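Thanks for passing this one along. Here are my notes, in the order I would go through them with you at the screen.

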Amino acid sequence: MQDYKDLVVIVDESWLKGKNRKTYYTTLQANMRKVIKHYYESPFEIKNEQQRFVIKGKETFTEELILRLCKTPGINSILPILKGSLDLDEVSQTIIESLKSQEDIKTFKIRSKRVDKRYPIISDQINRLVAGKILEQTDKKVDIRNPDIYIDIKIMNDYSYFSFKRYKAVGGFPIGTNGSVVTLLSGGLDSPVASYMMAKRGSKQHFVFFHAYPYVGDEVKEKILKLMTKLSLYQNGTALYIVPFGEVQNYIAKHCDENYRTLLFRKYMMDIASMIGDQLNAQAILMGDALGQVSSQTIFNMSALDRHSKKMVLRPLVGFNKIEVINLAKEIETFDISSEPHDDACALFAPKHPILKPNTKYLDSFLEEHKCEDLLEKAVEDSEIHIFNVRGDNIRRKV
Amino acid sequence: MLYFDHAATTPIYPEVISLLNLSFSEDFANPASQHRLGKEMAKKIDLARSSILKALDANTNKYQVVFTSSATESNNQVIKSFNKDRILHYLSDHPSVTNCFKEQGLHLNDSENLIERVSDETELVILSHVNSQSGQIRDVNRIAKHLKEINPKVRVLVDSAQGIGKVPLSLKDESIDYLVMAAHKIGGPRGIAALITRIDAPLKPLLNGGGHELNVRASTPSTPLILGLEKAIQISLENIDEKLEKMTIKSQRLKEELRSIHPNIDFPFGSAEVSPYINTMTFKGLPSDVLLRTLESKKVYVSSSTACSSKVKVKNKMLLGLGLKEDIQKNVLRISMCQKTTDDELNEFLSLFKEAVEELSFLIK
């Protein structure tokens, strides 16, 4: 375990902002503070240094904290600072060993600074000396304009500080800077990835899972709660609404043309998500649809649903291929959880010939006749709410 | 609440609860202790042993009772006392039997003739008295006698967890070497079971420890649980034939009326030689777990397979052994009653069952 002293946090897109940059920085700083407080007991301070923040603490920072911070949207990368001797050979060797294991880093730039001006060689000489050793012993190249990693060396009176390793973070914008949305979560592969995509763009999310009890068992809830432990990390804590949906499904199935079942289930799910969104002041609902993936995700069905949606619908995966979704799911560690088998009400209710191109007249008149307001309100009221903290722990359950 | 899952476990009889309450506060001493209090416990336990043997017409010079924690433990202990390659059993037996075997042992489908398979090599034959899933009754005394005519050295283990106290069984003819039963299936407490063995039959301890339970089952015996077990046996054996007759009428009515609710409902195991306490149906086109949960939402409780394996969604070897093909296995529902199930409860069950099926009618494929 390395003895990490300070952490340099490189800010992602927010630094491109103009006059409103301050808002983004303040939010990111608050988000980071919330995370650090959960993983670090000693006092710490966060200094804003334009494109980067420097986090200074009394004690050393653990890798667990660094990895957790990497899941905080808005951060591009984190460079921990190590305390070393004044022997540049020794410092270089530590840097070289670390660089060798960081295969994604191809280019570097050394930036050194002498706080103690009595040090026998000047900063430029330090840069050249260390860079020369790295070039000798690794295949990394120098790039002074746009390096993959900045290696900072600071010479103090009796010791040195230096950075040597880059932890890649999720990037994008800080959570809370791009509105609030309600994410429709299923046990499948797509919706967790969709959530991640919008988390990176800074959308605060609350999650809704539609529990088709008695058509599916309570086991599926465990799976959803497991997925939430991963997704809530990107949200700095959040809430999950488990909405009892069986009664609504039963009603729809009994009253509609069989082929419209799945489409209508989605329509009423979107309505419920919008209702919850109203309570939470959310601007949009978020779904994991990919165009043409299944019959309910044809462009005709999507546009029919959007026409009737009470809120803007975000579908960040609409142009994704399955393999792209799978790769991202693996990256955010939801793939294995999503792949666990579970009962699926959709399969149970699936009509033989699900509608691909809905008849506008039929759909409009059905929705006009079956507003189901009471049924939907009851479903929202009967929701079971789970609260997750920044560690992804399910800390509270409200019924 | 309508509880129709008595084959999984039963609520404790009020008489047994009263006894347990009293006994838990009074009968705490260790029966192995040498003081009077301990000796008194040992005496109570011994009385329970002879009462159980007597209730099953067993010759007390030839049979003994070993108290264990469960029928699963008892089955395991007997099986592990033998060379598994020389044991003959059915695939339809309870998982506490079948899961003791991997590659070893000779496993039979219900359609296979046991008598043809037994040889001079066979050391142990395992018979389910009443199958926990199908309710099918085996005439274990007759089969055991026949087996011993072929191979006099063969030992017979009868798993009667679903039989004792419901379907008459006797140890009088001495054809059975081991009899397994558990208290919780007949209104007794969970955590106590009796393994009745012939004194001359081999039995190796599963646990090493003090010399409790005739040196074959280390662990301090729980006097209250043992007394609870004995009481439950007494209650359920009382007028057993009459109760069986009444239950048969209830079962016939249940089956008839369920059949009339939907044409896809079938009782694949027939009704001859089937315990009326266990009524297992298939519902073609409707997954039984959906029906189970719909009933559960009406506070009606049944099983979609044996409780011990209901989470297993892959093919069920027990159902395969009973001749139920994979495509129908997820449509199996077990409705099990107890001696105390009343006509009113049955009526209400039938009406709520009908309601559930009507609610799910659009799903039936």
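Predicted model: local features only at pLDDT ≥ 70, side-chain atom pairs only at ≥ 80, totals over all residues.

1. Every value here is computed from it.

2. Where they touch, domain 1 of chain A puts in 11 residues and domain 2 of chain A puts in nine.

3. How much area is buried between domain 1 and domain 2 of chain A? The figure is about 1000 Å², with carbon and sulfur atoms giving 46% of it. As background, the accessible area lost when parts come together is often used to give the size of an interface.

4. A:Glu64 and A:Arg391 form a salt bridge, and their closest N and O atoms are 3.9 Å apart. The cut-off for a salt bridge is 4 Å, so have a look at that pair yourself. Between the two domains there are also seven residue pairs in polar contact, counting pairs with both residues at pLDDT 80 or more.

5. Which elements of domain 1 face domain 2 in chain A? Both α1 (21-39) and α2 (63-69) of chain A supply at least two residues to that side. The largest share is from α1(A), with five residues. Sorted by class, this side of domain 1 of chain A holds five charged, three polar and three nonpolar residues.

6. Now to the contact between the chains. The area buried between them is about 1100 Å², and carbon and sulfur atoms give 55% of that. On the chain B side, B:Arg293, B:Phe362 and B:Leu363 are the ones to click on: they supply 49% of the area that chain B buries against chain A, more than any other three residues.

7. How many salt bridges are there between chain B and chain A? The count is zero. Polar contacts do turn up across this interface, though: seven residue pairs, with both partners at pLDDT 80 or more.

8. Next, a peptide bond worth a look. The one from A:Tyr213 to A:Pro214 is cis, and its omega is near 5°. You will find A:Pro214 in the loop between β11 (204-211) and α6 (219-235) of chain A. For context, most peptide bonds are trans, and most residues other than glycine have a negative phi.

9. Two asparagines have a positive phi. For A:Asn281 the value is near 60°, and this residue sits in the loop between α8 (261-279) and β13 (284-286) of chain A. A:Asn281 counts as exposed because its relative accessibility is 61%. For B:Asn239, phi is near 50°, and the residue lies in the loop between α7 (223-237) and α8 (240-261) of chain B. Is B:Asn239 exposed or partly exposed? Its relative accessibility is 47%, so B:Asn239 counts as partly exposed.

Conventions:
Residues numbered from 1 in each chain as written. Chains lettered and ligands numbered in written order. Heavy atoms only, no water. Contact = heavy atoms within 4.5 Å. Buried area = accessible area lost by both parts, 1.4 Å probe. Salt bridge = Lys/Arg side-chain N within 4 Å of Asp/Glu carboxyl O. Polar contact = N/O pair within 3.5 Å; in protein donor to acceptor, adjacent residues only side chain to side chain. Helix = DSSP H or I, 4+ residues; strand = E, 2+ residues; numbered from the N terminus. Nonpolar A, V, L, I, M, F, W, Y, C, P; charged D, E, K, R; others polar. Buried < 20%, exposed > 50% of the residue type's maximum accessible area, 1.4 Å probe, protein only.
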